[in-house]
Structure formats: structure tokens, C-alpha cells
Amino acid sequence: MELSVYIHCVGDQAAASQFGVTVRTASSWRRMERSPSPQQALKIVELSEGKIDWKGIYAPYARHRLRRAGKSTLPPAQSFCG
């Protein structure tokens, strides 16, 4: 499940309490203004008992940022091994 959808379903206050963050932080994640730090993401995955996974946290945020930048996909990865 996507983090923003989860927060929308349970509400900003409930999500903030569950994940140990402020209501403002939970609402900024819901609106995709910010993404959780890796440490916060790990806590979200654990506390949601797997309902939210890494892909549900970062993939929607990446898509949102790309759309705002006018891009449709991520650029291809570069090879540094030759």
C-alpha cells in the first residue's frame, strides 16, 4: 500500500501517533511534500506490519517528483564498471 493512501485512510493524527511523528510531518507525507528518511521508512514498514513497504513509500514519491519536473520516467542508470 502507498504511504500517502494509508495516511489518507487512517487520518493524519492517527498516522502521526502510529509512526511517532508530528501531525504536520504525516500530512506532508500524505501530500508528498516530503518523503520519510530511510530510518523513518524502516519504522513505518515495521509499525504498519508490512502493509506499507519500501516501494509504497518511495515509488509514489518518485513518480510525483518526476511529474512535477515534466518527466515521465527515470533516466537510465549509468554503468561505472566499464
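Which residues does Ala 16 touch, not counting residues up to four places away in sequence? Ala 16 touches Val 21, Thr 22, Val 23 and Ala 26, where contact means heavy atoms within 4.5 Å.

This is a predicted model, in which local features need pLDDT of at least 70 and side-chain atom pairs count only at pLDDT 80 or more, while totals for chains, interfaces and linings use all residues. Residues are numbered from 1 along each chain as its sequence is written, and side-chain values use heavy atoms, with hydrogens and water left out.

**Ala 16**

Ala 16 sits in helix α2, residues 12-19; helices (H or I, at least four residues) are DSSP runs, numbered from the N terminus. Ala 16 counts as buried because its relative accessibility is 3% (buried is under 20% relative accessible area, exposed over 50%, partly exposed in between, with a 1.4 Å probe and protein chains only). From Ala 16 to Ser 27 the C-alpha distance is 8.4 Å, at a separation of 11 residues in sequence.

**Aromatic pairs**

A pair of aromatic rings is described by the distance of the centres and the angle of the planes. Rings of Phe, Tyr and Trp (its six-membered ring) pair if their centres lie within 6.5 Å; planes under 30 degrees apart are stacked, over 60 edge-to-face, and the rest tilted. The count by this rule is 2 aromatic pairs.

| Pair | Centre to centre | Angle of planes | Class |
|---|---|---|---|
| Tyr 6 and Phe 19 | 6.0 Å | 40 degrees | tilted |
| Trp 54 and Tyr 58 | 6.1 Å | 20 degrees | stacked |

Tyr 6 belongs to helix α1 and Phe 19 to helix α2, so their pair ties together parts that are 13 residues apart in sequence. Tyr 6 and Phe 19 are both buried. Trp 54 and Tyr 58 are 4 residues apart in helix α5, which means a separation of about one helical turn. Trp 54 is partly exposed at a relative accessible area of 40%, and Tyr 58 is partly exposed at 25%.

**Cavity**

The structure has 1 cavity of 30 Å³ or more. Here a cavity is a set of points on a 1 Å grid over the protein atoms alone where a 1.4 Å probe fits but cannot get out, and lining residues have an atom within 4 Å of a point. The largest cavity holds about 70 Å³ of space. Its lining includes Glu 2, Trp 29, Arg 34 and Tyr 61. Helices α1 (3-10) and α5 (54-68) each supply at least two lining residues, and α5 gives the largest share, 4 residues.

Terms used. 1 Å grid on protein atoms, 1.4 Å probe; cavity = no way out; pocket = protein on both sides within 12 Å on 5 of 7 lines; lining within 4 Å. Points joined across faces, edges and corners; volume = space filled by probe spheres on them.
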